[in-house]
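Subject: Structure handover

Hello,

Please find the structure below, followed by notes on what was found in it.

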Amino acid sequence: GTTYALAALMHHRGMTEQAWATAWGIYNVTYNRGYWFRTPEAFTIDGDYRASMYMRPLSIWAIERALEVEAASP
């Protein structure tokens with residue numbers, strides 16, 4: 001979740017390319033490893049995870065808000 005929040009902040013600051021690369025990275029790990037809606041809070045060095053179904057990943061909606069703000073800007 002903090003990764004999505006970081007991506008949203010990067011987007012707000014004009015770092016669009018880096019923001020999308022960051023968001024894609026967490027998306028890739030989550031969905032291409034089969035976690036889907038069991039998005040973990042964090043991964044261990046062994047590749048295990050903790051706090052399955054943690055709510056912080058909902059911060060992905062901050063990216064949508066960043067896009068809305070950008071679209072509304074003159």
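In what order do the elements of the protein chain run from the N terminus on? The order is α-α-β-β-α, which comprises three helices and two strands. Helices (H or I, at least four residues) and strands (E, at least two) are DSSP runs, numbered from the N terminus.

Some ground rules before the details. This is a predicted model, in which local features need pLDDT of at least 70 and side-chain atom pairs count only at pLDDT 80 or more, while totals for chains, interfaces and linings use all residues. Residues are numbered from 1 along each chain as its sequence is written, and side-chain values use heavy atoms, with hydrogens and water left out.

The chain as a whole

The protein chain has 74 residues, and 24% of them are buried. Buried means under 20% relative accessible area, exposed means over 50%, and partly exposed is in between (1.4 Å probe, protein chains only). The accessible surface of the chain is about 5400 Å², and carbon and sulfur atoms account for 60% of that. Accessible areas come from the Shrake-Rupley method with a 1.4 Å probe; for residues, only the protein chains shown count as cover. Of the contacts between residues at least 6 apart in sequence, 33% join residues at least 24 apart. Contact here means heavy atoms within 4.5 Å.

Helix α1 against helix α2

Two packed helices are described by the angle between their axes and the distance between the axes. Axes are lines fitted to C-alpha atoms, for helices over the stretch in contact, and angles run from 0 to 180 degrees between N-to-C directions. The axes of α1 and helix α2 (residues 16-32) come within 8 Å and cross at roughly 165°. The two helices are therefore roughly antiparallel. On the naming of angles: under 35 degrees counts as roughly parallel, over 145 as roughly antiparallel, 65 to 115 as roughly perpendicular and the rest as oblique.

The crossing of α1 past α2 is left-handed. A crossing is left-handed if the near helix is turned anticlockwise from the far one by less than a right angle, and right-handed if clockwise. From α1, the residues T3, Y4, L6, A7, M10 and H11 take part, and they meet T16, Q18, A19, W20, T22, A23, I26 and Y27 of α2. By class, this contact has nine nonpolar, five polar and no charged residues. Ala, Val, Leu, Ile, Met, Phe, Trp, Tyr, Cys and Pro count as nonpolar, Asp, Glu, Lys and Arg as charged, and the others, Gly among them, as polar.

I26 is in helix α2. Leaving aside neighbours within four places in sequence, I26 is in contact with T3 and Y4.

Helix α1 against helix α3

Helix α1 (residues 2-12) also packs with α3, at an angle of about 10° and with the axes 8 Å apart. That makes the pair roughly parallel. Here α1 passes α3 in a right-handed crossing. Y4, A7, A8, H11 and H12 in α1 meet A62, I63, A66, L67, V69 and E70 in α3. This contact divides into eight nonpolar residues, two polar and one charged.

Individual residues

Not counting residues up to four places away in sequence, A8 touches A62, I63 and A66. A8 and R65 are 57 residues apart in sequence, yet 8.1 Å apart in space, C-alpha to C-alpha.

H11 is in helix α1 as well, and counts as buried because its relative accessibility is 9%. With the same exclusion of residues up to four places away, H11 touches T16, A19, W20, A66, L67 and E70.

L9, in helix α1, is partly exposed because its relative accessibility is 48%. The C-alpha atoms of L9 and I63 are separated by 8.2 Å, and the two residues are 54 apart along the chain.

V69 lies in helix α3 (residues 61-72) and is partly exposed, at a relative accessible area of 29%. V69 and H12 are 57 residues apart in sequence and 8.4 Å apart, C-alpha to C-alpha.

Regards
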